[in-house]
Amino acid sequence: MMVETKCALCGSDNFEHYLTSSDRLSDADQYDIVKCSECGFLYTNPRPVDQEKHSAPFIEGGDAFNILAEPKSISDWIFKIFHPASVRWKRRAIDKLPTIGRLLDFGCRTGDFLFEMKTAKWEVQGIEVDKLGMDYAISQYGLDVVNTLEELVENNSEKFDVITMWHTLDKVSDLSSTFESLKLLLADNGYLLIALPNIQSYDAKRYKNDWIGLDLPRHLYHFDREHLTKIAGDHGFSVSNYRNIPWDTLHNVFMSALKRADKHRWNVRWSINWPLLIWTLKVSWLMGGKWISLGRRCNGSGVLYYLRREESL
Ligand SMILES: [Zn+2]
């Protein structure tokens, strides 16, 4: 069942159609992204009521821990190769901050990043809505992980010096209450790091409804810098810095190229279609590389925003 929603930024219910795209996990299902007529924010509308039914298994086709042990498809292999590097990249982003102490990862998945930070002497806490991922993080790494943000707000006594959300904010059902809860959890001088796909990126515009970063209907909002800054400001946060996430550009360009090729039925079977695979790799490397080489502040496919609280509570 689908339900119509208002703009989460300004509350307006006036909108125009922006694009229609299919679910990458089930091609038959089509969803709309609309543009708010008042503030220009892009959001999925209508959205599924039962959002959890549409949630992707950790990575397409299975759970992260199965894929790392036994990769089967091309996307599994990409994940296996890039995953350790992406965890290290996240750690380096935190290492550069002039703080250490308590770290919360909201949407911690199987806990790989949190475990990395635990070994770097951080006191860590996770939130993961997927029970399978949560159980894995607890049993495999011995991490402290709860199921929901509300649960943590109720039971938490000490604030966090850093809160990270790696591609989580675009999946929460209520943006305003999420920001208000995060404000309660973050220490006065703390950092809130939010990683999101960038709908105004070069590859998003090039691939339009084939752009993998749309990820409908799981992504309910489609951010760019302007609108992330706006909602952050509405809740007492300011964006102090932002930078590109190079892995996201490579991944998104490659996967979007695959999706587009698949739509045009060029491939019979990816495992045997090597020329097309090599061509796709080349295109994604060139495009991804181009945007990476343009520096940290270009309009890349994925952006990491650094938020600070404007006032102490
Ligand atoms: Zn609006």
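Before the details, two points on how to read what I show you. Residues are numbered from 1 along each chain as its sequence is written. Because the model is predicted, local features are taken only where pLDDT is at least 70 and side-chain atom pairs only at pLDDT 80 or more, whereas totals for chains, interfaces and linings use all residues.

Let me start with confidence, where pLDDT is the predictor's confidence in each residue, from 0 to 100. The protein chain has a mean pLDDT of 85, and 83% of its residues reach 70 or more. Over residues 268-272, however, the pLDDT is below 50, and beyond near neighbours in sequence this stretch has three contacts in the model, a contact being two residues whose C-beta atoms, placed from the backbone, lie within 7 Å. Where pLDDT is low, the predicted coordinates should not be read in detail.

Now to helix α4, which spans residues 131-141; helices here are DSSP runs of H or I with at least four residues, strands are runs of E with at least two, and both are numbered from the N terminus. Which residues of α4 are buried? They are G133, M134, Y136, A137 and Y141, where buried means that 20 or more other C-beta atoms lie within 10 Å of the residue's own, exposed means 12 or fewer, and partly exposed is in between, with C-beta atoms placed from the backbone.

R109, in the loop between β6 (102-106) and α3 (112-119), has a phi of about 50°, while K121, in the loop between α3 and β7 (123-127), has a phi near 75°. Is each of them buried or exposed? R109 is buried, with 24 other C-beta atoms within 10 Å, whereas K121 counts as exposed, with 9 C-beta neighbours inside 10 Å.

Finally, the cis peptide bonds. The bond from N45 to P46 is cis, with omega near -5°, and P46 lies in the loop between β4 (42-44) and β5 (47-48). The bond from L216 to P217 is likewise cis, with omega near 0°, and P217 is in the loop between α7 (202-207) and β11 (221-222).
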